[in-house]
Amino acid sequence: MKKTIVNTLGIALLSFASLGIAAEPYEAEIKARQAFMQVLKFNLGIVGDMAKGKRDYDAKLAESVAKNVHAASLMDNGAMWPKGSDNTNADLTIKTAALPKIWSNFPEVVEKHKAWIEASTALAANAGKGLDALREYVVPVAKSCQSCHKSFRAK
């Protein structure tokens, strides 16, 4: 009886331990980068709406969210982008728009990221200085985002 209980507990423990091993490949990484993009979309949406006149300009809010975008540009998110976590991986059940050429053309990704850092630095420094300044500096940020998405993200 004691041996049966020990064997049953052992099998149960192995079953629970294997759950972690059988988890979706790259699920955490893909979910993290998608959440990261949602935070960016939220913050950029605020300054974008201000620039387009869809939302009243608020210098404090514009400066705050611009600083959020800049801080995000400085994060080292390499762990969110492991090779193989792209939209051609047949083992993935979680959807991703990441194209495999991110990893085969990494120097271009780095250059596009540098452009985002530069544009977001300028936006953070100027977003609170009036609507005209916001409009001037939000466009390069949007273009830097679009250039990377156009090259490395599926439609």
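What is the handedness of the crossing of α2 and α6? In this predicted model, the crossing of these two helices is left-handed. Helix α2 spans residues 27–52 and helix α6 residues 131–152; their axes come within 9 Å and cross at roughly 145°. On the α2 side, the contact is formed by Met37, Leu44, Val47, Met50 and Ala51. Helix α6 contributes Leu131, Leu134, Arg135, Val138, Val141, Cys145 and His149. Classified by residue type, the contact of α2 with α6 comprises 10 nonpolar residues, one polar and one charged.

The crossing in which α3 passes α5 is left-handed. From α3, the contact involves Glu63, Ala66, Lys67, Val69, His70, Ala72, Ser73 and Leu74. The α5 residues taking part are His113, Trp116, Ile117, Ser120, Thr121, Leu123 and Ala124. By class, eight nonpolar, five polar and two charged residues make up the contact of α3 with α5.

Interactions involving aromatic rings were also examined. The count of aromatic pairs, with ring centres required to lie within 6.5 Å, comes to zero.

Technical notes
Residues numbered from 1 in each chain as written. Predicted model: local features only at pLDDT ≥ 70, side-chain atom pairs only at ≥ 80, totals over all residues. Heavy atoms only, no water. Phe/Tyr/Trp six-rings, centres within 6.5 Å; stacked < 30°, edge-to-face > 60°. Left-handed = near helix turned anticlockwise from the far one by under 90°. Helix = DSSP H or I, 4+ residues; strand = E, 2+ residues; numbered from the N terminus. Contact = heavy atoms within 4.5 Å. Nonpolar A, V, L, I, M, F, W, Y, C, P; charged D, E, K, R; others polar. Axes fitted to C-alpha atoms, helices over the stretch in contact; angles between N-to-C directions.
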